[in-house]
Amino acid sequence: MKSMTSSAFREFVIDSLTFFLEIKGYNHRFLEIKVNLPDALSFLEREIITEIKRYVKRGYVVFSLKIHKSPENYSRLNIDLLSNILKDLGKITGNSEAIYNWKEILANPQIFFTENRIFNDEDCKKIISETKLLIEEFDRYKREEGESIKKAILESLNKIETLLSNVKREEENWQKEAKLFLEKKLKEFEFNNINEDRLYQEVALLLMKTDINEEITRIDEFIRRFYEEIKKDGSIGKTLEFILQEMNREINTLSSKTAKTSIMFYAIDLKKELEKIRELTLNIE
């Protein structure tokens, strides 16, 4: 089991350039990957996306690569261009000392220049190698977070099983109590022109309408299926969400059908634990 939310950071150096790699994961219904690269390395985008897809099946993933230059690689003054400008101004004004506003000259975008680094094959191999290490670390963090989520889910599932056992016990008691109650009341009635067979049929139908054993059986089956799914190593988040939707539907039906107040309260507690699991499941890949 993996979490969708995680992050990892990595730093390395090639010559005088320091590279900063970062990857972050967010909750998302589907898989969406955004890669931010400098223009000089934009051709690596497809390879990086392919590598991310090897580990991530669902979520919104943002990968960023930034390059920090050493002081010697900062923008430099184009001395030749500046000298020519000053000479031309001197010819025009006849006085080389007549320059008072240097800001206008320095505002020329060509006054400063940066030598663009050309990345060779070895540089690219290094960048991809470090990127793979970063993604592996990212995946490890996702698994660690996933295990924490799994632990919390199992705790809530255990509580749901306990509550459901209580519901089963209350339902069995209710069936016995209802039977005894009806037998007692029917003996007290005087039947005049009433078809007893038809009366017992109506009573049986009434009991069937309040019977929740079918819902209990289905909830049991969904719990079993949920346990099976969380053991799988893959993208299981959507499947778990669907199972929870069905469990919630059965609990609502159970709550509306039962005639016993204690079971209604148990149903409320079941919904509380189910909501906890649902919130945790939203973060599962």
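Because Arg54 and Glu51 stand three residues apart in helix α1 (residues 45-55), about one helical turn separates them. The structure is a predicted model, and this briefing begins with the charged pairs, of which Arg54 and Glu51 are one example, joined by a salt bridge whose closest N and O atoms are 2.8 Å apart.

**Salt bridges**

- Side chains of opposite charge can pair when their charged atoms come close.
- The count of salt bridges in this model comes to 22, and among them are pairs whose partners lie in one helix, such as Arg54 and Glu51 in helix α1.
- A network of salt bridges links Glu214, Glu215, Arg218, Glu250 and Lys257.

- Arg278 lies in helix α8, which covers residues 261-281, and the side chain of Arg278 meets that of Glu275 in a salt bridge of 2.8 Å, N to O.
- The side chains of Arg278 and Glu275 are also joined by a polar contact of 2.8 Å.
- Because Arg278 and Glu275 are three residues apart in helix α8, they are separated by about one helical turn.
- Both partners count as partly exposed, because the relative accessibility of Arg278 is 37% and that of Glu275 is 32%.
- In sequence, Arg278 and Ile153 are 125 residues apart, yet in space their C-alpha atoms are 9.0 Å apart.

**Aromatic rings**

- A search of the whole structure finds four aromatic pairs, and one of them is formed by Phe12 and Phe19, which are stacked with their centres 4.9 Å apart and an angle of 5° between the planes.
- Phe12 and Phe19 are both buried, and together with Phe119 they form one aromatic cluster.
- Elsewhere, a charged side chain is placed against a ring, as Arg140 lies over the face of Tyr141 at 5.5 Å from the ring centre.

**Thr18 in strand β2**

- Thr18 is found in strand β2, which covers residues 17-26, and with a relative accessibility of 16% it falls under the 20% cut-off and so counts as buried.
- When neighbours within four places in sequence are left aside, Thr18 is in contact with Glu11, Phe12, Val13, Lys66, Ile67 and His68.
- One of these contacts, Phe12, is also a member of the aromatic cluster that includes Phe19 and Phe119.

Notes: Residues are numbered from 1 along each chain as its sequence is written. This is a predicted model: local features need pLDDT of at least 70, side-chain atom pairs count only at pLDDT 80 or more; totals for chains, interfaces and linings use all residues. Side-chain values use heavy atoms; hydrogens and water are left out. Helices (H or I, at least four residues) and strands (E, at least two) are DSSP runs, numbered from the N terminus. Buried means under 20% relative accessible area, exposed over 50%, partly exposed in between (1.4 Å probe, protein chains only). Contact means heavy atoms within 4.5 Å. Rings of Phe, Tyr and Trp (its six-membered ring) pair if their centres lie within 6.5 Å; planes under 30 degrees apart count as stacked, over 60 as edge-to-face and the rest as tilted. A charge sits over a ring if NZ of Lys or CZ of Arg is within 6 Å of the ring centre and within 35 degrees of the ring normal. A polar contact is a pair of N or O atoms within 3.5 Å; within protein, one must be able to donate a hydrogen and the other to accept it, and residues adjacent in sequence count only if both atoms are side-chain atoms. A salt bridge is a side-chain nitrogen of Lys or Arg within 4 Å of a carboxyl oxygen of Asp or Glu.
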